[in-house]
Each structure stands twice: as C-alpha cells, then as structure tokens.
Amino acid sequence: MKKWTIADIPSQTGKLAVVTGANSGIGWNTALELARAGAEVVIAARSPEKGSDAVERIKNQLPKASVRYDVLDLADLRSVRAFAERINEAPKLDLLVNNAGVMAVPTRKLTADGFEMQFGTNYLGPFALTLLLVPALQRAKEPRVTTVSSGAANMGARRIILDDLQWEKRPYGPFNVYCQSKLADLYLMLELGRRTQGAGWNLISNAAHPGYARTNLQTSGRGIEKRNRFELLFERLTSQDSAAGAAPTLLAATSKETASGTYYAPSGLFQMVGDPVEVKVPKIAQDIEVSKRLWALSEELIGVRWPVEVPQRAAFLRG
C-alpha cells in the first residue's frame, strides 16, 4: 500500500471546513493543512485569545490562507447552538471535523448544562453540533463529518454504560470516563453514517484517532509534569508530534477513497505512531442496538432531534 502523506491531500478550494479545538495540537495542524490545500477554515475554540493566535500562526505560514476564528464551547449547549446558527448562515458546509476534547479530568466536574465534563465535551457537544449543522451540510455537494476518537475507545470498561452515562452511580475514574466518551464518538460516527445512508443522503461520516500525539491534551486533565527519565524515554519512543498525529484525521477528512464507517489511525505498534492507514473499528463500537439507544438518550439529554426526514440532496443534485 502506498504511503499516504499530506502531499496527497486533494485541492480543497471552494470548500468550507469547521475544525473544533483547532487553536492547538492536532486540531491546529488539521486546520493548517486544510487551509494550505485551499479550504476556507473556521477555527472553533473557546478562547478568543487562543483562537486569534491560532489564526495568526497559520497566516504567518500561509499569508493568503482563508482562515478565521469563531467562538465555540462544546461544554455549553447555548454556545453550540449560537455557533451552529452562525455557520448555518453560510451557503454550505463541506466538512466538519469534531476534534475538540478534554482528557482525564482529575475530579468529576459538570458542564454548563449539568453533564459530566468529559462525556459532555467529548461526545454530547459534538453530537449536538453535528445535528445542528445539518442544514449547512445538506447544502454541500459532498459533505463530510470526521470525528476524532482515541485508541482509548478500546480500553477502560470497553462498553457504554447506558444507565449511568454521567457517572453518578459509580466511583469516578478519570481515564475510564475518558475511554467511554471516545467510544461514544465511534458510535456517533457509525450511527450518523447509517442514518444519512437511510435518508438517501451522500454525507460521509468517518473517524480517526491520532495514536499517542504529544499535545496539550494530556496536560488539560491530569498533571504529568513530574515524569521520570524512563517515562520521558518511553514517550519519545512511543509518541509523535501533533503534525504526525493530525495525519489520520486529514486522511479521513480529505481522501476521495474513503466512505462512511471507515476509521483511520497510525500504522505502528498498538496504533500509537506511524503513517496513517485505515484500521478496523473496534468490535465493541459495532453494536447497533446500543448505538440506537445511545442516540435516543443523547437526543433526550440535549434536546436536539435528528432533523433529516426527506433528503434535500435529491433536489440539489437534479438542479
């Protein structure tokens, strides 16, 4: 199989892309390469200062890039709704990259809407955003939603605990909760693909994970500043920088050979480092009954319903 690199990204000229959490880490590298390929990129992040700085850093490398910042806090549904309203005013949205997230928050905290922070930020926020952006996505010729999961989706409890999504009944475990939230992202990716296909809509819903990418995500939750020499050496051998970590996302978000339900990750040992390749979706994410139940529970929690009933794409294509 031919090695895939960012040089293989096809032209994105004329496309509008939203990348959440693009102020740093793999999100920023994703935004950078999409802009380099010609896309108009919206950097969606909580902090205006960090968002503006991310735009400036891209402009320093690509002075002619079409890139801007817009505020989005996935831990606040009011912010998600307001952001979606602004994006839906655009003629179309070609690509949504659900990238933003938090990792292993040390103690149980709640979002603005009362959800457990990791589940709310990593899954419920992107779930709501995806559904709310359907109007703009439907106006695109070849729309795509790429959701960033994690190798941790196949760790921890290795199941969605439907009767305790907010971890109210069990002792809070930072990493276990993170694992469930990233597994939920895979359920979102697969169920979105099934629903759009059933509606006769040609949207591609796929996913990727970065392996072990050295970003500020690991420090946004638990502190790791007191690592010993062995831990630092292990990290150098089993991790890669954010540019390499963004490669699976960029492959999923731009390849003309992808399809709904595909999943991309590094090719190396335990999918931690290496060139991006297509990998199997973990078996635990393929339970259709759990997928439907999680989707229904998520709709109830956020008060947003799946809006696609009659495909508008058919009329668009005939035009």
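The model is predicted, so local features are described only at pLDDT of at least 70 and side-chain atom pairs only at pLDDT 80 or more, while totals for chains, interfaces and linings use all residues. Residues are numbered from 1 along each chain as its sequence is written, and side-chain values use heavy atoms, with hydrogens and water left out.

The protein has 10 helices and 8 strands, where helices (H or I, at least four residues) and strands (E, at least two) are DSSP runs numbered from the N terminus. Of its 319 residues, 55% are buried, a term that means under 20% relative accessible area, with exposed meaning over 50% and partly exposed in between (1.4 Å probe, protein chains only). Among contacts (heavy atoms within 4.5 Å) with a separation of 6 or more, 76% join residues 24 or more positions apart.

Two strands pair if DSSP finds at least two bridges between them; β4 pairs with β1 (residues 16-20) in the parallel sense over 3 bridges, with Val97 as the bridge partner of Val19. Strand β5 (residues 144-148) also runs parallel to β4, joined by 4 bridges, and Arg144 in β5 stands opposite Leu95.

In the segment before β1 lies Gln12, which counts as buried because its relative accessibility is 3%. Beyond its neighbours within four places in sequence, Gln12 is in contact with Leu34, Ala37, Gly38, Ala39 and Thr254.

A pocket is an open set of points, on a 1 Å grid over the protein atoms alone, with protein on both sides within 12 Å along at least five of seven lines, and its lining residues have an atom within 4 Å of a point. The second largest pocket has a volume of about 420 Å³, a volume being the space filled by probe spheres set on points that are joined across faces, edges and corners. Its lining has 17 residues, with Lys2, Trp4, Leu251, Ser255 and Glu257 nearest the centre. Helix α8 (242-254) and strand β8 (276-279) each supply at least two lining residues, and β8 gives the most, with 3.

Conventions: On a 1 Å grid over the protein atoms alone, a cavity is a set of points where a 1.4 Å probe fits but cannot get out, and a pocket is an open set with protein on both sides within 12 Å along at least five of seven lines; lining residues have an atom within 4 Å of a point.
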